[in-house]
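Biologist: Could you take me through one part of this model up close? I'd like the aromatic residues and the helix that goes with them.

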Amino acid sequence: MRSELGLQQIQETVLEHPKWSANASMTSFKRKHNETEIIMQVAFPEECIANIISLTTPADACRLSSISWSFRDAAESDRTWENFISPDIHRILSQSTSSSATSVDPAKSKSKKEFYLNLCDNPVLIDNGKMSFSLDKWSGKKCYMISARALHVVWSGEKHPYWKWISVPESRFEEVACLNSVCWLEIRGKIDMQMMSPSTLYKAYIVYKLTADAYGFRVPVEVATRARDYGFEYKDLDHDGFIEYPDKQRGCLDPDIQINGTLSPKERVDGWLEMELGEFLCQGEEDGELEMICAVMNDPCWKSGLIVQGIEVRPERKEYCEAEGKARSQLRDKGKKAMTMI
């Protein structure tokens, strides 16, 4: 398992390693933006520097590239970025049968870094278009979004008039679920826990929009994530242990409503809204599926105007922001200016 070293640990590694200490001239160290800025001149091979940088994170690699030309060459090298890409990436991409995989074809990428960034910025449809896959740009961890078609949406069958399936250009999937009218709202999804990156705290989010004439979402919904056995069947929530489930939370899908003690939605960079459903620490040894739930069971009010794209599962990231402009501004303030260039 690749360990993640910080800038301070790299500094100590260079100073203490017998092969490199004689060739490294440390001129100064100083603190800036609460991070260690390393200024040094090195005389050891590029592959040695690349090996060190490959033990950090993609974000650290971009910061380290500003130290010197030697560090920049090492930080941009295929040796470095290959270690940021999970070894099963090619197996995952082989599941794609759509044109979405064209932009991330490793054969068409000029470098491993370009291939990595393409995987971050261009989600690939897998599982017959029912799921998308990408990488988290800051950590290289796996991210997934389960399409609405692959979710368990109660009363969404072809024989029921309560939901309809439509296509919208801003969705990554061919169809999204659009709520006509219903009083019992229940949306559930699941994902194989072995698909996730190990030693990673994941969070699940429902990704949706509300139409201009939407109504009925002032009442909080109940949300949760929980580990289940493989092949579990969806049963009525009131008979499935959900009512007594201790880790469930409450949230409000209407972004204009703020209720104390409840989760609130945020606007994503792509224009959709998202609200957290819960979190899950993936150790890498789990055997089963992660279930994600968003439901309103005891409210008699009718609801309409909800458009569901899917449920996204991604690594928890402190740097995640509501909008791209805000993200770039905050990252620049933290001294992460190099990441805005990738």
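Modeller: W81, F84 and Y116 are joined into a cluster by ring pairs, where rings of Phe, Tyr and Trp (its six-membered ring) pair if their centres lie within 6.5 Å. Keep in mind that this is a predicted model: local features need pLDDT of at least 70, side-chain atom pairs count only at pLDDT 80 or more, and totals for chains, interfaces and linings use all residues. Residues are numbered from 1 along each chain as its sequence is written, and side-chain values use heavy atoms, with hydrogens and water left out.

Now to helix 8, residues 112-121; helices are DSSP runs of H or I with at least four residues, strands are E runs of at least two, and both are numbered from the N terminus. Seven of its ten residues are buried, so helix 8 is largely enclosed by the rest of the structure. Buried means under 20% relative accessible area, with a 1.4 Å probe and protein chains only. Those residues are K113, F115, Y116, L117, N118, L119 and C120. Their cover includes helix 4 (58-64), helix 6 (78-82), helix 7 (89-93) and strand 4 (131-135).

The structure holds five aromatic pairs, and one of them is F133 with Y144, 5.5 Å centre to centre with 50 degrees between the planes. That counts as tilted, since planes under 30 degrees apart are stacked and those over 60 edge-to-face. F133 lies in strand 4 and Y144 in strand 5 (residues 142-147), so the pair ties together parts eleven residues apart in sequence. Both F133 and Y144 are buried.

Note on methods. Buried means under 20% relative accessible area, exposed over 50%, partly exposed in between (1.4 Å probe, protein chains only). Contact means heavy atoms within 4.5 Å.
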